[in-house]
Every structure is written in structure tokens, then in C-alpha cells.
Amino acid sequence: MNCPDCGKDMEYYTVGLKKSVLNFLLFGFGSRSLYLFKGARPEQKIITPHERIASFRRHSCRTIVMKPSV
Ligand SMILES: [Zn+2]
């Protein structure tokens with residue numbers, strides 16, 4: 001996949017959610033999901049806590065493209 005910002009080739013990765021000690025201190029045990037927002041309204045759930053999705057990254061321009069399965 002080519003980067004939509006600079007047009008160069010992107011590397012394949014996966015994106016997922018990971019709990020850390022800091023997250024635990026800030027948010028407790030509550031599970032989190034990653035959402036795409038349109039203004040203030042959540043429009044699409046992208047990742048649930050135990051899911052990973054295909055992603056592409058161009059390190060030099062810091063662009064990340066995610067491709068959810070649904
Ligand atoms: Zn780029």
C-alpha cells in the first residue's frame with residue numbers, strides 16, 4: 001500500500017489495544033474500544049479489546065492507515 005500523504009511504500013503491521021499500568025491507574029478495570037468519531041459522536045467501532053486489525057505505517061511521515069474487518 002502506498003502512503004496517502006507522501007505516496008511512498010508502507011509497512012504492514014497490526015493494531016490492537018494493550019493495557020498498561022498507567023491505563024489501569026487512570027481508567028481502572030473498564031474495557032476500552034477504539035472508535036472513529038464524526039465531530040463528538042462515535043460513528044464506528046474500529047477495535048474491540050481483544051481484536052487486532054490490519055494496518056500500514058510509513059515511519060518517516062508518521063502516517064498510519066488502519067483497515068478494519070467490518
Ligand atoms: Zn507518507
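**Notes on the fold**

1. Phe37 stands opposite Pro42 in strand 3. The model in which this pair is found is a predicted one. Strand 3 covers residues 41-47, and its antiparallel pairing with strand 2 extends over five bridges.

2. The hairpin formed by strand 2 and strand 3 has two residues between the strands. In this hairpin, Gly39 adopts a positive phi near 70°.

3. Is strand 2 buried or in the open? Strand 2 comprises the five residues 34-38, and because the number of these that are buried is zero, the strand lies largely in the open. For the protein as a whole, 3% of the 70 residues count as buried.

4. A further group of three strands makes up an open sheet, ordered 1-4-5, with antiparallel pairing. Its edges are strand 1 (11-16) and strand 5 (63-67), each of which pairs on one side only. From one strand to the next, the twist averages 35°.

5. Within that sheet, strand 4 (residues 52-58) runs antiparallel to strand 5 and is joined to it by five bridges. Ala54 has Lys67 of strand 5 as its bridge partner.

6. Taken overall, the protein contains one helix and five strands. Along the sequence these elements follow the pattern β-α-β-β-β-β.

7. As to contacts in the protein with a separation of 6 or more, 49% are accounted for by residues 24 or more positions apart.

Definitions and conventions: Residues are numbered from 1 along each chain as its sequence is written. This is a predicted model: local features need pLDDT of at least 70, side-chain atom pairs count only at pLDDT 80 or more; totals for chains, interfaces and linings use all residues. Two strands pair if DSSP finds at least two bridges between them. Helices (H or I, at least four residues) and strands (E, at least two) are DSSP runs, numbered from the N terminus. Axes are lines fitted to C-alpha atoms, for helices over the stretch in contact, and angles run from 0 to 180 degrees between N-to-C directions. A residue is buried if 20 or more other C-beta atoms lie within 10 Å of its own, exposed if 12 or fewer, and partly exposed in between; C-beta atoms are placed from the backbone. Two residues are in contact if their C-beta atoms, placed from the backbone, lie within 7 Å.
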